[in-house]
Structure formats: structure tokens, C-alpha cells
Amino acid sequence: MRTIAVSIVTPDGPVYDSDVNMVIAVTATGELGVLPGHIPTVAPLQIGAVRLKKDNATEIAAVSGGFLEIRPEKVTILAQSAELAEDINVARAQEAAKRAEALLQARRDDTDFRRAELALQRATNRIRVYEGKV
Ligand code: ATP
């Protein structure tokens, strides 16, 4: 089966580097599946799961927004933050979700509200990826 190189990089450093058969990410316009030979493009990413398929295995990463760049020989995901499922601290994500929910209940102002919504999305995404519910 043909493969394409995939890197996931964040400001904290590289998170993933391997050859895969297919990568599926959540872009602003929906899910995008990338196979070797995909046309070059750049797409903004949503907070969501990135699925990395290789042979019969699928690795999953939680990604908190950023960009996906497809070049002929390589896919690069530049993410604000990203963790592979096995590196997710689920207790931390659950705490983050609780904090965000409390802020949403408090409804202080629009900026706080939007920040809490995004924090809740990041936490929920991490919990779903950890639990494999993607
Ligand atoms: P928290 O409130 O728990 O810090 P956050 O969503 O604000 O969550 P980010 O700003 O997205 O956190 O990430 C900061 C750093 O912490 C990044 O390196 C990210 O990979 C890491 N990180 C955040 N939450 C987790 C988690 N639950 N498990 C593992 N790493 C995490």
C-alpha cells in the first residue's frame, strides 16, 4: 500500500512523524481524508481528532486547531497543541472541562464565554480521543 509522510508539529515540539496510508483530519469545512497523491493544499483545522491509518492500525491524535498543509510527498499538521491518545492525561482534561463548564454557567462577558467554549471543546476532544470515541 502506498504511503505518505506525516508530521504533527506544535510550538512545544514535534508530536508525530511517520509514514501512513491515510490521514483524516477535521478542517473548517468538514472531514478531509488525505491519501498519497492528494492535490497540494492548505486548510485550517478545527479542534478535533486526527486519524493516522497505517496497515491495519489507526493512531489518533487530539489536535487543538491549526493548519494542515498537503504537499506531494508530505502532510504537515501545524497545531496549537496536539497529543497522541496514549499521551493524554484524561484526569487533567476532565478538570479542564469542569472549569470551563463553571465559567460558561457564570456567563461573565463575551470574551470569557468564548474562551470557556474553546477550553471545553479542547477538553471534550481530548476525552473523546482518549476513550477512542472518534
Ligand atoms: P489545561 O487547562 O489543562 O492546561 P488547555 O486546553 O488550556 O488545558 P493547551 O493550552 O491546549 O491546554 O495546552 C497546553 C499544553 O498542555 C500543550 O503542550 C498540550 O499538549 C498539553 N496538554 C493540555 N491538556 C493536556 C492533557 N489533558 N493531557 C496531556 N497534555 C495536555
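1. One salt bridge is counted between domain 1 and domain 2, a salt bridge being a side-chain nitrogen of Lys or Arg within 4 Å of a carboxyl oxygen of Asp or Glu. Arg126 and Glu83 form a salt bridge, with 2.8 Å between their closest N and O atoms.

2. A word on the source: this is a predicted model, where local features need pLDDT of at least 70 and side-chain atom pairs count only at pLDDT 80 or more, while totals for chains, interfaces and linings use all residues. Residues are numbered from 1 along each chain as its sequence is written, and side-chain values use heavy atoms, with hydrogens and water left out.

3. The domain assignment gives domain 1 (4-85) and domain 2 (90-131); such bounds come from an automatic or database domain assignment. Taken over C-alpha atoms, the centres of domain 1 and domain 2 are 23 Å apart. Domain 1 brings 11 residues to the contact and domain 2 brings seven residues, where contact means heavy atoms within 4.5 Å.

4. Between them, domain 1 and domain 2 bury about 660 Å², with 63% of that area from carbon and sulfur atoms. Buried area here is the accessible area (1.4 Å probe) that two parts lose on being put together, summed over both. On the domain 1 side, Ile47, Ala62 and Ala85 lose the most area to domain 2, together 60% of what that side buries.

5. You will also find four residue pairs in polar contact between domain 1 and domain 2, both residues at pLDDT 80 or more. A polar contact is a pair of N or O atoms within 3.5 Å; within protein, one must be able to donate a hydrogen and the other to accept it, and residues adjacent in sequence count only if both atoms are side-chain atoms.

6. Now to the ligand: 13 residues surround it, the closest being Asp12, Glu83, Arg92, Arg99 and Arg122; near means a heavy atom within 4 Å. A polar side-chain atom of Asp12 is 2.6 Å from a ligand oxygen atom. For Arg126, a polar side-chain atom lies 2.8 Å from an oxygen atom of the ligand.
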